[in-house]
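Let me put the structure up, and then I'll walk you through a few spots.

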Amino acid sequence: MKIAIIYPPLTFHNDYPLLTQNRQFKYTNSLEVRIYPVVMAYLATMLKKTGHRVLYLDGINLRMDKAIFNRQLVEFSPDFIVMETKAPILKSHAQYIKLIKKNMSRTKVILVGDHVTFFPEESLKISQADMAIQGGDYDFIINELINVRGEKKWPGGIYYTKSGRIKNTGPSRFYDLNQLPLIDRELTMWKIYGEAYLYHPCAYIMSGRGCGGSNSYKNFKSNKKLKGQYDTKMPGLCTFCIWQHSFWRCSARLQSPEKVADEIENLYRNYHVKEIFDDNESGAIWNEKWLNDFHREMKKRNLTGKVSLSSNARADSLTDPVCRLLKASGFRLLKIGIESGNDKTLNMLKKDETTSETMNGVKKAKEYGLIAMLTTMVGYPWETENDALQTYNFTKEIMLYKTHFGDSLQSSIVVPYPGTPLYRQALKNKWFIVDPEKYENFDMAHQILKTSINTVKWCKKMWRIHLHPLFIIKSIFTLRKWKDIKLAFRGFISLLGHLRDYSA
Ligand code: SF4
């Protein structure tokens, strides 16, 4: 079989869609954000390993010319095309699929993604796709689908059209992540990806799938019978968190520490990467036992300190023992969701964390010399100007605390993606100021919920904390390495791009 895994090069007013591996979609002016689609990369690897011919073509991050992209696709003449989509871009993808069907009528198109997972039937109806995959383990599902003969053997999680009717193969299951192969980095063009805040060359991994370690996990952990397990029944439940609710159905799984170390070792020894980002929802940082085993594994392989590691993290996981383990294992940077500086908002979002836990966790990480990248949101319908100011002051306080070169933040406007609890809440409370079924409006740069604050002003204000004189001075005085100067330059260019995103 010939399978093409594609991201068509779509743009909007010359801005690029942040689609690959992005939970929160937006079009951006910044050229510095090109995130590696880890699950798609696993799929490409699996298919190639089972003997199929694979064309991996990320037209967005290659910034490809549309005509050249289309020519390459037609020349490859695939049996199957796999495309990842999201709510705001689904209609544009439907147009593109129309074009595929016109020029390659025998090719079957498979859609994957968080929106498709929530609304597989609707996705098939809007587009002319042949199949829609439900679930985040679409790498396993598609690999199985292509390698078995006959509809009866298809795995769960497949929606498809037959004789004008939509059928399905039942619910998808979760697969064993330790069965994943080592990612084929060449096939999946690892070199084109990266973000401004990472040392280059950089690469991405996912230590697991799903967010573990919400506060309730602490109660779970104290249950002696369950102690020592890597998985948790108490995962993150934040109401806006699209992948956690759609792909992972509010669960968390981790690969074994040895398996993650295999991937790191391959990247370090064969690709000489300088930094590796773990883009699992909250990394593996919520699991102290896992971190202990991982640290031992890294030491055994003589990898500690050889390559910088960075990861997503929940602030309330950042205790003394965890920070110590992170430092000892080679972690450099943590991307931590702050969301808001108000307890009421954190409560409404079911973050299962208080502002003082956030503050203490991030401060603790900084005390251990870990770099903090904070993510915040504005525009919650229940928040006032005062609440936004409180978030601003809260974020500024953390940013100015023991500032180290590389500390940074991201700010965006809250978007309740269809299917999430926040979307349902917004419908119930009539918070939408746009048609909630016009998904193309669900772009993080635009306000779609009622709010009494000026979201663009507050977003910009948050981003501008980077320009606070104290922040700049402290950052400069902690600049130690030559490679940090390159990082600073890329970061500054990226900041300008992000500020332009909110220039309305
Ligand atoms: S803590 Fe982060 S990753 Fe976990 S559910 Fe909340 S937003 Fe999602």
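Let's start with V54, which is buried because 23 other C-beta atoms lie within 10 Å; the cut-off for buried is 20 or more such atoms, with C-beta atoms placed from the backbone. Keep in mind that this is a predicted model, where local features need pLDDT of at least 70, side-chain atom pairs count only at pLDDT 80 or more, and totals for chains, interfaces and linings use all residues. Residues are numbered from 1 along each chain as its sequence is written.

So where does V54 sit? It's in strand β4, residues 53-58 (strands are DSSP runs of E, at least two residues, and helices are runs of H or I, at least four, numbered from the N terminus). Leaving out neighbours within four places in sequence, V54 is in contact with I3, I5, A44, L47, K48 and L187, contact being C-beta atoms, placed from the backbone, within 7 Å.

L47 also turns up in helix α1, where V39, Y42, L43, M46 and L47 meet Y138, D139, I142, N143 and I146 of α6. That contact divides into eight nonpolar residues, one polar and one charged (nonpolar is Ala, Val, Leu, Ile, Met, Phe, Trp, Tyr, Cys and Pro; charged is Asp, Glu, Lys and Arg; the others, Gly among them, are polar).

Last stop, the ligand. Around it we find C211, G236, C238, C241, Q244, E281, S282, R314, G337 and K351, each with its C-beta atom, placed from the backbone, within 6 Å. That shell splits into three nonpolar, four polar and three charged residues.

Conventions: Contact = placed C-beta atoms within 7 Å. Buried ≥ 20, exposed ≤ 12 C-beta atoms within 10 Å, placed from the backbone.
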